[in-house]
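This report looks at one residue, then at a core, and then at a pair of helices. Please keep the sequence and the structure in view while reading.

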Amino acid sequence: MKKSVLTRYRVMAYVTGVLLVLLTFGMIGKYVLDLNGAADFTRVVSIAHGWLYVVYLIFAFDLGSKAKWPVGKQLWVLLAGTIPTAAFFVERRISHELEARIAEDAPAPAKA
């Protein structure tokens with residue numbers, strides 16, 4: 001597995017996570033605090049999160065298939081983009097796990 005597969009997953013995990021946290025704050029502002037402009041903010045962020053979550057799903061599925069994860073682990077990683085802040089914790093754990101595996105798979109540098 002290439003490091004780029006993990007990198008693009010990590011980027012989308014952070015983007016999805018940030019947008020979901022912003023969406024949560026927007027919903028609180030809209031429904032609890034009744035803030036002006038919260039409805040427009042929520043609409044824009046929810047559309048962005050929805051489309052970028054699809055990209056996250058593609059990258060996470062690609063990563064999981066290349067890492068040969070069991071179905072349960074794959075589903076947990078895919079669903080992490082729907083639970084506020086879960087994407088950050090899952091990304092961190094997955095990154096630590098796979099960075100070690102990528103380092104093992106990398107060819108040794110040539111000696112001069």
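Which residues does Asp62 touch, not counting residues up to four places away in sequence? In this predicted model, Asp62 touches Val5 and Arg8 under that condition. Asp62 is found in helix α2, which covers residues 38–67. Its relative accessible area is 16%; because buried means under 20%, Asp62 counts as buried.

The next topic is the core. The largest nonpolar core has 19 residues, and those touching the most other members are Tyr9, Tyr56, Leu63, Trp69, Val77, Ile94 and Leu98. At least two residues of this core come from each of the helices α1, α2, α3 and α4. Tyr56 also touches a set of residues beyond four places away in sequence, among them Tyr9, Met12, Ala13, Thr16 and Val77.

The last topic is how α2 and α3 pack. Their axes lie 9 Å apart, at an angle of about 155°. Angles over 145 degrees count as roughly antiparallel, and α2 and α3 are therefore roughly antiparallel to each other. The crossing of α2 past α3 is right-handed. By class, this contact of α2 with α3 has eight nonpolar residues, three polar residues and no charged residues. The table names the residues that meet.

| Helix | Residues in the contact of α2 with α3 |
|---|---|
| α2 | Tyr53, Tyr56, Leu57, Ala60, Phe61, Gly64, Ser65 |
| α3 | Gln74, Val77, Leu78, Leu79 |

Note on methods
Residues are numbered from 1 along each chain as its sequence is written. This is a predicted model: local features need pLDDT of at least 70, side-chain atom pairs count only at pLDDT 80 or more; totals for chains, interfaces and linings use all residues. Side-chain values use heavy atoms; hydrogens and water are left out. Helices (H or I, at least four residues) and strands (E, at least two) are DSSP runs, numbered from the N terminus. Buried means under 20% relative accessible area, exposed over 50%, partly exposed in between (1.4 Å probe, protein chains only). Contact means heavy atoms within 4.5 Å. A nonpolar core is a set of buried Ala, Val, Leu, Ile, Met, Phe, Trp, Tyr and Cys residues joined through side-chain atoms within 4.5 Å. Axes are lines fitted to C-alpha atoms, for helices over the stretch in contact, and angles run from 0 to 180 degrees between N-to-C directions. Angles under 35 degrees count as roughly parallel, over 145 as roughly antiparallel, 65 to 115 as roughly perpendicular and the rest as oblique. A crossing is left-handed if the near helix is turned anticlockwise from the far one by less than a right angle, and right-handed if clockwise. Ala, Val, Leu, Ile, Met, Phe, Trp, Tyr, Cys and Pro count as nonpolar, Asp, Glu, Lys and Arg as charged, and the others, Gly among them, as polar.
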